[in-house]
Amino acid sequence: MLSLDQILHTAKPLLNSVTNQIPRSVISAEKIPFLVKMVSGLDHDTKGVFLDLMNSILVSMIKKEASDIEFGGLATQQQVWLRVHGKKDRTPDFPSFSEDESAIIILNILSDKQKEVLLNNKNIDFSHSFSAGEPVRTYRFRADAYYDMDSLALNMRAISPVVRKIETMGFSKAALQSMHHLYIKQGLVLVTGITGSGKSSTLDAIVDMHNETDNAQVIVIAQPIEFVHISKKCIIRHREVGKDVASFKDGVIQSLRQDPDIIIIGEMRDPETIMASLEVADTGHKVFSTLHTSSAVESIDRIIAEVHPNEQPRVRYRLADVLTVVISQKLLPSLDGKRVMAKEVLVMTPNIQAAIKNNNSGEIYMMINQGAAQGMITMEQDIKNLYLAKKISLDTALAYANQKGRMKQILGVV
């Protein structure tokens, strides 16, 4: 693969020639539909050059150890921005691109169907992959293209080519057994956290754990598919929402006819998917999924709150019966300039089950706090461990705690 500077030597004049064909009268909401037609009409050689340019930028991003790239749109001010070890900033040594140039590069990596979705929804989630380098390796990215003040913007997140082993994540043996299909054949395991907290990496580590040890069928339903697992002991099917299946709900329901042992649901993002997940977990399958919540208790409350009030008692009882583990995680800035994971782990016990059924979720935190023997730990306890191990600063410990008063108390801070 040519260097970024070498590709720019060819790509920049081509970009200029294309953007010069945009009439001055095409402005505002008309601009992106016009560019879609223009890019679709480019010859294959030109498309290939623009594709090489995007891929070369992404290779340079990986060399800088960046997790995310921001490209295009009004907000970037014609520069490329990277997130490196949690900090996002513009990258002066990358080339600059006008809003029209970046829109053309973004549209060029979309299929015709994806362009249509983008025009209809003003947004599209998709995956992007290519092979490059010596020796050749495959690069995969999770991507989101969207409108930004009538311009086109793109975020891409790098997907690690190697799955982090779950043994390195600090889970207790009891917690790992509660997650493992070999020990508990059915139930729901939730991995929760804000965007960028490493939920996908943890899910992939869980899939890899089963792939190394369990003769099972795993069906992964995600939007988009990120890491592609190679079947070892498990046979692992990957179904991307929008490509292989119409929706998360459809993927969950259809999976029941595909002889699964384990179902991975990329995100429980709506009441229909939540209800389908609970029902599947209640029929004897192991289900893993994610939520955008910051604690175990919040995750329980969020699932119940997603359904109509008349349905909440029934959902509360079903959730109590099927829930086995909740992992809530955050990525904290570490003293070595990188990031380290802090986690809260709930493992279902009869007392927690009763608290959920009786609508007493406020009692659960102290049950987690006192549940070390069952493999449980609160976010504050885990952050304390990181602080005592000199992996994070005191300011970081206090800033990232869910319960800051509790954090000060256990650290002895006045």
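Is Arg314 buried, partly exposed or exposed, and what is its relative accessible area? Select Arg314: this residue is partly exposed, at 43% (buried means under 20% relative accessible area, exposed over 50%, partly exposed in between, with a 1.4 Å probe and protein chains only).

Before moving on, know that this is a predicted model, where local features need pLDDT of at least 70, side-chain atom pairs count only at pLDDT 80 or more, and totals for chains, interfaces and linings use all residues. Residues are numbered from 1 along each chain as its sequence is written, and side-chain values use heavy atoms, leaving out hydrogens and water.

Next, pick Asp68 and Arg157, another salt bridge, at 3.0 Å, N to O. Asp68 sits in strand E1 (residues 66-72) and Arg157 in strand E6 (residues 151-159), 89 residues apart (helices, H or I, have at least four residues and strands, E, at least two; both are DSSP runs numbered from the N terminus).

Last stop: helix H10, residues 296-305. Select Ala296, Val297, Ser299, Ile300, Ile303 and Ile304, the buried residues of H10. They share one side of H10, because they cover an arc of only 165° around the axis (the arc is that of the directions from the helix axis to the C-beta atoms).

Terms used: Salt bridge = Lys/Arg side-chain N within 4 Å of Asp/Glu carboxyl O.
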